[in-house]
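Take a walk through this fold with the coordinates open beside you.

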Amino acid sequence: MAHRQDQQRRASIHDVASRAGVSAATVSKVMAGVATVKPENAQRVFDAIEQLGYRVDPLASDMRRAKRRIIGAIMPEFESEFFGQMVTQLESLAEQRGYTLVAASSRESEARETEILARMHDWRVAGVVLAPVRNEHGPAAAFMKANGMTGVLIDRVLSDDAFDTVSADSAAASAEVARELIGKGHRHILVVGLGEQAATVRTRLDGFRTTALNLAPDVRIDVVLAESHVEPLRAQLRDYFAEGERPTAVYSLFLKGTLVALSEFRRRGWHCPNDISLVGFDDAEWMQVTWPAIAAVVQPVRQIAGHAMEALFARIEGEEGPPTARLEPCRVFMRESVGSPGNGPHSAKPQ
């Protein structure tokens, strides 16, 4: 049993030094590429590394440097395509720099978000990419500031006095949606969303409402928001339509809300765009392949991730200066789910 445990034990730098007949410091120099090591000693080290199957322990070496080559990433959830793609991009960019990405979901909980950050602080991560549950003023960002952590805030943020921020230009995208719907003649529009206190929700709603009212002062904009869960939103939407409200278009401020709205349309026998038009913020594959294809605002995931990691590594490497706030433009695709009001029966009865 002892022999088996010895075989399974990971070879250490001291094992390599013993096999090569040199000091651990010499092994470290060889691994770092220091040219002053005698060629014969370097060769013995390389031979020992190969014989023992030695690999550098990144945690042990980073502990000596007081920080590890680990980047933390905290997202509100992993279920949506946006955050799933974001983690994929961040992971790839971290690995290109020789870092490992450790990602976790706050599950839309600020308490959990802060708890995860505390763990990452204990792990001495080199930096953190945080998509906060609400905004840049939440407890997680406060924890990072209080503990001197290096980080970048993304998505549900505007600007911050301590951290660089990168997010999509939600206001401009929503303004474009408003121009499209008003231009097609819609004058009664329902906006649905989740998490009124989230920075992105307010920005999207304000961008849409301001532009729509400027273009058509007589437009009626109804708003149905649930604070943190989809099911209450589903119930609120059902009650809204049950009261006889019949907007000609719905603009959903988040992906799951688009699916909730579409499900309610189907339940009532309404069809896009003849009975009602639908636009969703964020895109998904199902929205493109369903019939009709659902109009969507597409966020620039790759660009947000790229600029976030660029800013983070600059700070890790010691760059100073005031925090920057970067907005990345979105694309709006008006697909078959959007038409002019009054082109269809628009008289389906609730089922």
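Helices and strands here are DSSP runs, numbered from the N terminus. That naming places Arg124, for one, in the loop between α7 (110-122) and β3 (127-130). Keep in mind that this is a predicted model.

Start with the whole chain. The protein has 14 helices and 12 strands. Of its 351 residues, 49% count as buried. The exposed surface comes to about 17100 Å², and carbon and sulfur atoms supply 49% of that area. Among contacts between residues at least 6 apart in sequence, 71% join residues at least 24 apart.

Now the parallel sheet. Six strands form an open sheet in the order β2-β1-β3-β4-β5-β11, and the pairing is parallel. Which strands stand at the edges? They are β2 (100-105) and β11 (325-328). Each has a single partner strand, so one side of each is left without a neighbour in the sheet. The twist averages 15° from one strand to the next. Look inside the sheet at one pair. β3 and β4 (residues 151-154) run parallel and are joined over three bridges. Val128 stands opposite Gly151 of β4. A helix covers part of this sheet. Helix α6 (residues 81-96) lies across β1 (70-75), β2, β3 and β4. Its direction is at about 170° to β1.

The other sheet to examine is mixed. Six strands form an open sheet in the order β7-β6-β8-β9-β10-β12, with mixed pairing. At its edges are β7 (220-226) and β12 (331-333), and each pairs on one side only. With direction ignored, neighbouring strands of this sheet are turned by 15° against each other on average. Within it, β6 (residues 188-194) and β8 (residues 249-252) run parallel, joined by four bridges. Ile189 has Ala249 in β8 as its bridge partner. Helices pack here as well. Helix α10 (residues 199-215) lies across β6, β7, β8 and β9, at about 170° to β7. Helix α11 (residues 230-242) packs on the sheet and touches β6 and β7. The direction of α11 makes about 145° with that of β7.

Next, the interior. In soluble globular proteins, nonpolar side chains tend to be buried together. The largest nonpolar core in this model holds 53 residues. Which of them touch the most other members? They are Ile71, Met75, Met86, Leu90, Ile154, Phe208 and Tyr251. Helix α14 (residues 301-316) gives the largest share of this core, nine residues. Another core, of 25 residues, lies apart from it, with Leu233, Leu237, Ala261 and Phe265 among its members.

Finally, the backbone. Most residues other than glycine have a negative phi, and most peptide bonds are trans. Which residues depart from this pattern? Arg124 is not a glycine, yet its phi is positive, about 60°. Arg124 is partly exposed, with a relative accessible area of 30%. Asp282 also has a positive phi, near 90°. Asp282 is in the loop between β9 and α13. Is Asp282 buried or exposed? Asp282 counts as buried because its relative accessibility is 11%, and the cut-off for buried is under 20%.

Two peptide bonds are cis. One runs from Cys272 to Pro273, with omega near -5°. Pro273 lies in the loop between α12 (255-268) and β9 (277-281). The other joins Trp291 and Pro292, with omega about -5°. Pro292 is in the loop between α13 (285-289) and β10 (295-298).

Cysteines close the tour. A disulfide is a covalent bond between the sulfur atoms of two cysteines. How many disulfides does the model have? With a cut-off of 2.5 Å between sulfur atoms, the count is zero. Cys272 is buried, at 11% relative accessibility. Cys330 is buried as well, at 15%.

Methods. Residues are numbered from 1 along each chain as its sequence is written. This is a predicted model: local features need pLDDT of at least 70, side-chain atom pairs count only at pLDDT 80 or more; totals for chains, interfaces and linings use all residues. Side-chain values use heavy atoms; hydrogens and water are left out. Helices (H or I, at least four residues) and strands (E, at least two) are DSSP runs, numbered from the N terminus. Buried means under 20% relative accessible area, exposed over 50%, partly exposed in between (1.4 Å probe, protein chains only). A nonpolar core is a set of buried Ala, Val, Leu, Ile, Met, Phe, Trp, Tyr and Cys residues joined through side-chain atoms within 4.5 Å. Two strands pair if DSSP finds at least two bridges between them. Axes are lines fitted to C-alpha atoms, for helices over the stretch in contact, and angles run from 0 to 180 degrees between N-to-C directions. Contact means heavy atoms within 4.5 Å. Accessible areas come from the Shrake-Rupley method with a 1.4 Å probe; for residues, only the protein chains shown count as cover.
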